[in-house]
Amino acid sequence: MQWHRCILILAVTLLFGCQDSQPGDKSNSIAQTTLEQARAKGSLRIGYANEAPYAYYDPEQDRLTGEAPEIARLVLKEMGVKNIEGVLTEFGALIPGLKARRFDIIAAGMYITPERCREVAFSNPTYGVGGGFIVKNNNPKKLHSYENVAGQNKVKLGVVAGTVEINYARKLGVPDDRLLIFPDALSALSGVKTGRVDAFSATSLTIQTLLNKAKDKTIERARPFHDPVIDGKSIKGFGAFAVRKEDQNLLEALNRELANFIGSPEHIRTVHPFGFSKGDLPGNVTADQVCRPETRQFE
């Protein structure tokens, strides 16, 4: 009797062992990485914030476009992912949205910063640029730097929620009661036009793109503009893709493809329509360098 019982236990064990190894089993599906799932599906979701020239929907083309989505299409195709699916959100909600799995890559031209590096994993940068202000025509308040804003008690500065410009302003003495935070760049631009703020701070490329599209003679780019100097170092922003920290194989695959692509003739042709040039290349700067708090010149 005991012999028959052992045979039965062995048979049950073998049966469930075989069932666990069947292809298409749910446990195997759960174990798939984000990259494997994207390859199997043929597409991957990217989060963006509708900010030209970095990532935005162009209704005339019926296409998600900009520096980041166009690069993403090309490098992901090399990784075996044919299509991208855009998920629109406010800039300040991009990192929470990524962590909540609303999408799998942030492709919005997001600057790498030490603070953000604690939340997500960044690819190596795709560009490096400075900043600027949009002001009223003839720049009546003579605003050429954050220090100029901080030094005038009634001057108000507009920034977009979740951007590094908020930190720049605070570190250089602009008090919170003179810092107006807008949900997006178009709202901040409107703030300058209507007089709610005296200047709007953003990257130089964002500012030039907005002015090119607005064609409004009542506003202009502040010239010259002095990039912020923090702890004795001039600040330059480096933008990149971001993924969840657990998606290391996706990050490694991205970095391999970006190493071959960034700076190539195809890359320059791809980003030229969005105002990027060879002068905006990131050089040999890596995400690891920018993530270190001591390398504030890369913030």
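So, H4 and H11: these two helices are roughly perpendicular to each other, where roughly perpendicular covers angles of 65 to 115 degrees, under 35 counts as roughly parallel, over 145 as roughly antiparallel, and the rest as oblique. This is a predicted model, by the way, so local features need pLDDT of at least 70 and side-chain atom pairs count only at pLDDT 80 or more, while totals for chains, interfaces and linings use all residues. Residues are numbered from 1 along each chain as its sequence is written, and side-chain values use heavy atoms, with hydrogens and water left out.

Back to the pair. H4 is residues 67-78, H11 is residues 248-261, and their axes come within 9 Å and cross at roughly 115°. Axes here are lines fitted to C-alpha atoms, for helices over the stretch in contact, with angles from 0 to 180 degrees between N-to-C directions. Helices (H or I, at least four residues) and strands (E, at least two) are DSSP runs, numbered from the N terminus.

Who touches whom? On H4 you have Ile71, Leu74, Val75 and Glu78, and they meet Leu254, Glu257, Leu258 and Phe261 of H11, a contact being heavy atoms within 4.5 Å. By class that is six nonpolar, two charged and no polar residues.

Now the second pair, H9 (residues 185-194) and H10 (residues 204-214): the angle is about 70°, and the axes are 11 Å apart. That makes H9 roughly perpendicular to H10. H9 also passes H10 in a right-handed crossing. Ala185, Leu186, Leu189 and Lys193 from H9 meet Thr206, Leu210 and Ala214 from H10.

On to the sheet. It is open, with five strands in the order S10-S9-S11-S8-S12 and mixed pairing; strands pair if DSSP finds at least two bridges between them. S10 (179-182) and S12 (219-221) are at the edges with a single partner strand each, so one side of each has no neighbour in the sheet. From one strand to the next, the twist averages 30°. Further in, S8 (residues 131-136) and S11 (residues 199-203) pair antiparallel over five bridges, and glycine 132 stands opposite alanine 202 in S11.

Last, confidence. Mean pLDDT for the protein is 90, and 88% of its residues reach 70 or more; pLDDT is the predictor's per-residue confidence, from 0 to 100. Residues 1-29 are below 50, and that stretch has four contacts in the model beyond near neighbours in sequence.

Conventions: Ala, Val, Leu, Ile, Met, Phe, Trp, Tyr, Cys and Pro count as nonpolar, Asp, Glu, Lys and Arg as charged, and the others, Gly among them, as polar. A crossing is left-handed if the near helix is turned anticlockwise from the far one by less than a right angle, and right-handed if clockwise.
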